[in-house]
Amino acid sequence: MSATRRAAVLGSPIAHSLSPVLHRAAYAELGLEDWVYDRFEVDEAALPGFFEMLGPEWAGLSLTMPLKRAVIPLLDEISSTAEAVEAVNTVVLTADGRRLGDNTDIPGMVAALRERGVRQVGRASVLGAGATASSALAALSRICTGEVTAYVRSEARAEEMRGWGERLGITLRTAAWEDAAAAFEAPLTIATTPAGTTDALATAVPDRPGTLFDVLYEPWPTALATAWADRGGAVVGGLDLLVHQAVLQVEQMTGRSPAPLAAMRKAGEVALAAR
């Protein structure tokens, strides 16, 4: 059967992306036999040209780095969620030719935490200050009633995070990375740093930790996540985030709800285990 609807993930590099696995699993579970989902290596320079070649069969795009901000000028409209962090990871292509941008990372984080019973916290910590950290702050603006502390490596990063905190209406203070072990005193810690960055902190996990949200999914588990679980703390991982944000993408692109969370997670787990 020839495909009638198309979607894809774009980014550079893109070969590692699990998005095709997750979206295809959703299509199979939903019986969408005429839908296909691909991946394309696209950098910022190539993005406008890619958009120009999209035909009416295209339903949506998932975007990863470095395209989440570069895509904004190419869109007709972006959601308030995407606008809050100046990052779009989801583009829905409508029947009348409009390009609508959204950010499902933020509600995906909130949903992943809610699934583990974390609906509201009095304070929280964020490790890191990159693009994912701003999404973490936006998620915390919805569930944290008190102060958020961001642990960063430079004053420039600290200033950037304080700017995001002000923009998002969060009571935010910054602290030096050298003091990052203090992050674990909060009931919720979100680690947004690259692989290996938090390994040295594994020995600092307290005896009764709260919840750790480590956004990495490969390699998994991280040293920090392992130490956290060994001490009885709740751990939310990067695959949880990836699946929950993909669920929202599938629902927006296909118009079918609810998307099959369990089937998508299982497909992701199988794919990761095979690597």
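The model is predicted, so local features need pLDDT of at least 70 and side-chain atom pairs count only at pLDDT 80 or more, while totals for chains, interfaces and linings use all residues. Residues are numbered from 1 along each chain as its sequence is written, and side-chain values use heavy atoms, with hydrogens and water left out.

Let's start at helix α8, residues 238–254. Helices here are DSSP runs (H or I, at least four residues), numbered from the N terminus.

Now hop over to His23, which sits in helix α1 (residues 19–30). His23 counts as buried because its relative accessibility is 0%. Beyond its neighbours within four places in sequence, His23 is in contact (heavy atoms within 4.5 Å) with Tyr37, Ser62, Ala246, Gln249, Val250 and Met253.

What about the aromatics? The whole structure holds 6 aromatic pairs, that is, Phe, Tyr or Trp rings (the six-membered one for Trp) with centres within 6.5 Å. One of them joins Phe50 and Trp58, 6.0 Å centre to centre with 75° between the planes; that is edge-to-face, the label for planes over 60 degrees apart. Phe50 is buried at 7% relative accessibility, and so is Trp58 at 3%. Tyr27, Trp35 and Tyr37 form one aromatic cluster.

Conventions
Helix = DSSP H or I, 4+ residues; strand = E, 2+ residues; numbered from the N terminus. Expected span 1.5 Å × (residues − 1). Phe/Tyr/Trp six-rings, centres within 6.5 Å; stacked < 30°, edge-to-face > 60°. Buried < 20%, exposed > 50% of the residue type's maximum accessible area, 1.4 Å probe, protein only.
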